[in-house]
Amino acid sequence: MTQHHKRPSDGGLALPVMTESEWTRWAIGVLHGDANRSADTHLTKLSFKGMLGISVYLKDESTHPTGSLKHRLARSLFLYGICNGWIHEGTTLVEASSGSTAVSEAYFANLLNLPFIAVMGASTSKQKVDAIIRSGGQCHFVDDPSKIYRVAEQLAFDRKGHYLDQFTNAERATDWRGNNNIAESIFKQLALEQDPEPTWVVMNAGTGGTSATIGRYIRYSGFKTRLCVVDAEYSAFYQCYVNGDRMASCALPSRIEGIGRPRVEPSFLPSVIDDMIKVPDAMSIAAMHVLSDRLSRRVGGSTGTNFYGVCRIAANMLAQGQTGSIVSLICDGGERYTSTYYDPAWLDSAGISIHREMEMLNGFLDGGSFDLIGYPTS
Ligand SMILES: Cc1ncc(COP(=O)(O)O)c(C=O)c1O
C-alpha cells in the first residue's frame with residue numbers, strides 16, 4: 001500500500017510529498033549515514049598483578065554517541081521496525097525501558113523526526129530522563145516498574161503508534177550471525193591477541209539480547225569460548241536458568257539499572273549460556289567502584305556486575321592452574337549514577353555497604369587473595 005506523506009522536517013519550506021517507499025528509503029539512508037559517521041568501540045586490555053596468566057578485555061560500549069551498549073540495540077530495533085513496515089513517516093514510537101535503551105531510541109527518533117515516548121519506572125536516573133528530553137522525547141513514568149510493558153503497549157495502541165518492545169525484539173532484531181554485531185566486533189578485535197579465542201565472555205542481562213547474540217555467535221563460529229551470564233540480585237533470570245521456569249518472577253525491582261528483571265524476558269535465551277552467577281547488589285556496586293578506580297573514570301552499576309563475574313571466573317581459573325583470557329563489557333559510564341551508586345548517602349539509605357566487598361576485590365586484583373571464591377552468590 002502506498003500512502004502519500006509530507007517530507008519530514010522541511011524547515012518551514014513547502015517540499016514535494018514523499019511516498020511511503022520514498023520515506024522508507026530516506027529513513028534507512030539516514031540510519032546508514034549515522035552509522036557511517038560512527039566508529040567502533042574500543043576493546044580495552046587490562047592487567048592485574050593478581051591475575052597472572054589471565055588477560056582481561058573490556059569492550060567499551062560507553063563510547064557510543066548515546067553512551068551505552070543500547071545504541072546498537074536501538075539502531076537494530078529501528079531498522080527492524082522500518083524494514084518490517086511497522087514504522088512510517090510520523091509514527092509515534094513507544095518503548096518500555098529502564099532508561100538506557102530509551103536514551104538511544106530518543107536519539108534515533110530525533111534523527112528521523114518521529115515522536116517518541118519512553119515508559120519508565122519513576123526511579124529512573126535524572127541524567128537519563130534529561131537525555132531523552134534533550135533529544136525531543138517524552139517520558140511517561142509508572143510507579144510499579146513491572147507495569148511498563150502493559151502501559152507502553154496501551155500507549156502505542158491509543159496513538160496508533162508502534163511499540164518497539166525491546167524485551168521481545170532484542171534477540172531477533174539483532175543480526176546474530178554478523179553484520180558487525182557486538183560479538184563479531186569483539187572477535188575481530190581479538191584477532192591479533194595471544195588468545196584470540198577467549199576462555200570466557202561475561203555479560204549481564206536486561207533484555208537478555210546481548211547475551212543471546214554473543215552465545216549464538218560463539219556457536220555459529222565454532223569457538224570454544226564459553227558464555228557466563230551474571231544476574232542482578234533482584235531478578236528472575238537466574239531462577240529460569242537453574243530450573244527452566246520461564247514463568248519465574250521477582251517481586252522486588254532491580255537496584256542495578258539496566259539489568260535484572262521482574263519476569264523472564266522473551267529475549268533471554270538460557271540455552272546459549274554455559275554458566276550463570278547471581279551477584280548481590282553490594283558486590284556489583286563494589287566492583288563498579290573498584291573498576292572505576294583502576295580505569296581512572298567512572299563506569300555504571302551493570303558494568304560492576306560484569307566485572308565481579310570476570311574476577312570470580314579468573315579466581316576459579318587461577319585456583320585450577322588455568323591461564324587464558326576473559327572478555328566483558330563496559331555497558332555505560334558512571335556519569336548517569338552520580339546521585340545513586342556514587343553517592344554514599346544513597347548507598348546508606350539503600351542499606352548497601354560495600355567496604356568488605358571492595359577489600360575482597362582489591363585483595364584479589366593486587367595480591368591474588370582468593371576470599372572471593374567463598375563469597376555467596378545465589
Ligand atoms: C546499562 C545497561 N547494562 C546492561 C544492559 C543489559 O543488556 P541486554 O538488554 O542486552 O541484556 C542494559 C540493558 O538495558 C543496560 O541498560
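Modeller: Gladly; we will take the domains, then their interface, then the cysteines. Please keep in mind that this is a predicted model.

Colleague: Thanks! Which residues make up domain 1 and domain 2 of the protein chain?

Modeller: The domain assignment gives domain 1 as 37–64 + 176–370, while domain 2 covers 70–170. Their C-alpha centres lie 25 Å apart.

Colleague: How many residues of domain 1 are in contact with domain 2?

Modeller: On the domain 1 side there are 27, and they meet 21 residues of domain 2. Putting a surface on that, about 1,800 Å² is buried between the two domains, and carbon and sulfur atoms give 46% of that area.

Colleague: How many salt bridges does the rule find across the interface of domain 1 and domain 2?

Modeller: Three salt bridges are found there. As for individual pairs in the model, Arg72 and Glu61 join their side chains in a salt bridge, at 2.7 Å from N to O. The residues on the side of domain 1 that touches domain 2 divide into ten charged, twelve polar and five nonpolar.

Colleague: Now the cysteines. What is a disulfide, in general?

Modeller: It is a covalent bond between the sulfur atoms of two cysteines. A search of the whole structure here finds zero disulfides. For Cys228, the nearest cysteine sulfur belongs to Cys311 and is 12 Å away, against a cut-off of 2.5 Å.

Colleague: Is Cys228 buried or exposed?

Modeller: Cys228 is buried, with 0% relative accessible area. Cys331 is also in no disulfide, and its nearest cysteine sulfur, that of Cys228, is 14 Å away. Cys331 counts as buried too, at 2% relative accessibility.

Notes
Residues numbered from 1 in each chain as written. Predicted model: local features only at pLDDT ≥ 70, side-chain atom pairs only at ≥ 80, totals over all residues. Heavy atoms only, no water. Domains from an automatic or database assignment. Contact = heavy atoms within 4.5 Å. Buried area = accessible area lost by both parts, 1.4 Å probe. Salt bridge = Lys/Arg side-chain N within 4 Å of Asp/Glu carboxyl O. Nonpolar A, V, L, I, M, F, W, Y, C, P; charged D, E, K, R; others polar. Buried < 20%, exposed > 50% of the residue type's maximum accessible area, 1.4 Å probe, protein only.
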